[in-house]
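Colleague: I am new to reading protein models. Could you walk me through a few features, one at a time?

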Amino acid sequence: MYKRLTGMQDILPEDQPYWRFVQEKINQVTALYGFQRLDVPILEEAALYVRSVGPGTDIVDKEMYTFTDKGEDEVTLRPEFTAGFMRAYVENHLDKRPQPAKLFSVGPIFRYERPQAGRFRQHTQFNVEALGVEDPAMDFEVMSLAWHFFSLLGFHGLHFQLNSTGCPNCRPRYVEKLKAHYQLHYDQICDNCKRRLVRSPLRVLDCKEDRCQPVIASAPRITDYLCDDCKQHFGQLTHYLDAAQMAYTVNHRLVRGLDYYRKTVFEVWVEGIGAQAAVCGGGRYDGLAQEIGGPPTPGIGFGSGLERVIMAMKAQGVAVPGLPRPQVLLAYLGATAKEKAVPLAVDLRLHDIGVILPFGNRSLKSQMRQANREQVHFVVILGENELAKGVAQVKDLQVHEQFDVPLEDLSAWLSGKLAM
RNA sequence: GUGGCCAUAGCUCAAUCCGGUUAGAGCACCUGGUUGUGGCCCAGGAGGUUGUGGGUUCAAGUCCCAUUGGCCACCCCA
């Protein structure tokens, strides 16, 4: 038998109410903030992601699903949304429309990683991007949208992790300070951090090794080295967050993996879904458009992994409404009744009455058991006796009463009862 | 890519340590208990080449090796 590929998953019917619910909240919150949907292809030129995400990042170096297609083109299954958004923004001249462009999307992304709790090779992301505006009020609006989204989903005790990673003007100066600090304590840090120091120095701040903790604690903080522009931007953003009473922690250790982030970076963490606790992560990427050959365009956005979101909802006991089910089961007894029942089921559905028709000529008892299992409200019983009289018996399973209803009145009768 | 744990019915698990008839239970499913009436209850039924391959042994679900898959953690990320 064939099996799912590693890190891929099926979404079974019993999980669909969660997905439906989350999609509804996405539609609701994006409409509220005036964000419009933009869908981009799942497949793009490999070079787009290499340029935007950055050579040297794990995503590019070892996690992309890249292959050569039949036309000899190097293509990549999208490992994130932002690059494709920027490409589409420039290619479709959205930069010529009134700014900002406030956009969102929902769809699968792919990364070749080892699966673990809350991590899959294919996962679904809700992605939000606001392009064309540098104003920290835009950062706030995007974060606010994320906050609002999780509130609508039923989460409590929300809390942002927040930091600024500076910009090309001030970050290099900080990185030098950081490296100098680490050189002083070089014999105390783990091997991994020695490597990170060369490849992506900021990441040492994120190390979980016990031996590295004292070095991290005494390390210089980037917020102390921001240039005036970055400092002011960060100050404005925190001012807006304070005013809106959205809880946040300035986390000096929060450094996100993608090269393109500038200034604002933030995450939302939840408990109860394992080590991969971030259900939302994003930041500002003002240099990205130029990087891929477009006009200078500031941008701020986030991605939220919906599998993790749904895991967190389950962990926190968030209830979601069930999907609508038929409220009528049409039971029949014998071949003649079945001849009548099959088209009758269709007729009732044309009257907007959901009907389950049992299959396999089973006993009435068996059909009643099915009705109970399916939790229908009414069972319509059609047998020889009823046909002779031109009626159906209708049993109300909730009040345990049974009525004779003339066949020509059946749809109206049921509609009336179901509307109550 | 690295490390740890695990693999028995559709699901959750027992029998594995210390090898020994026909691998069990609960839930779910099907049938019956009413000529044609659900939920509870009762009776019965179906469902397994014990992940796969090899080895040791008179004998392997059980011991050994390999392999595949899963889970969890690291790396990194949503």
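Colleague: What is the volume of the second largest pocket?

Modeller: In general, a pocket is an open set of points on a 1 Å grid over the protein atoms alone, where a 1.4 Å probe fits, with protein on both sides within 12 Å along at least five of seven lines. In this predicted model, the second largest pocket has about 210 Å³, a volume being the space filled by probe spheres set on the points, which are joined across faces, edges and corners.

Colleague: Which residues line the second largest pocket?

Modeller: Lining residues have an atom within 4 Å of a point. Among them here are Gly34, Arg37, Leu94, Pro98 and Lys102. Strand E1 (36-37) and strand E5 (101-110) are the elements that give two or more residues to this lining, and E5 provides the largest share, three residues. Helices (H or I, at least four residues) and strands (E, at least two) are DSSP runs, numbered from the N terminus.

Modeller: Some ground rules: residues are numbered from 1 along each chain as its sequence is written, and chains are lettered from A and ligands numbered from 1 in the order in which they are written. Since the model is predicted, local features need pLDDT of at least 70, side-chain atom pairs count only at pLDDT 80 or more, and totals for chains, interfaces and linings use all residues, while side-chain values use heavy atoms, with hydrogens and water left out.

Colleague: How do I read a helix, and which residues of helix H2 (residues 46-53) are buried?

Modeller: An α-helix has 3.6 residues a turn, so residues three or four places apart point the same way. Buried means under 20% relative accessible area, exposed over 50% and partly exposed in between (1.4 Å probe, protein chains only). In H2, the buried residues are Ala46, Leu48, Tyr49, Ser52 and Val53. They fall within an arc of 160° seen down the axis, so they line one face of H2; the arc is that of the directions from the helix axis to the C-beta atoms. Packed against them are several elements, including strand E2 (43-45) and helix H10 (288-291). After H2 comes Gly54, with a positive phi near 110°.

Colleague: What about helix H7 (residues 191-199): which residues are buried there?

Modeller: Cys193, Arg196 and Leu197 are buried in H7. They cover an arc of only 105° around the axis, which puts them on the same side of H7. The face turned away from that side carries the exposed Asp191, Arg195, Val198 and Arg199. Helix H6 (171-184) is part of what covers the buried residues of H7.

Colleague: Now strands. Why is strand E10 (residues 278-284) described as largely enclosed?

Modeller: Seven of its seven residues are buried, so E10 is largely enclosed by the rest of the structure. Two strands pair if DSSP finds at least two bridges between them. Strand E9 (residues 262-269) runs antiparallel to E10, joined by six bridges, with Arg262 opposite Arg284. E10 also pairs with strand E11 (residues 299-305), antiparallel over four bridges, and there Gly282 faces Phe302.

Colleague: In what order do the five strands of the open sheet lie?

Modeller: The order is E13-E12-E14-E15-E16, with mixed pairing. Strand E13 (355-356) and strand E16 (401-406) are the edge strands, each pairing on one side only. Within this sheet, E14 (residues 378-382) and E15 (residues 391-396) are antiparallel, with four bridges.

Technical notes: Contact = heavy atoms within 4.5 Å.
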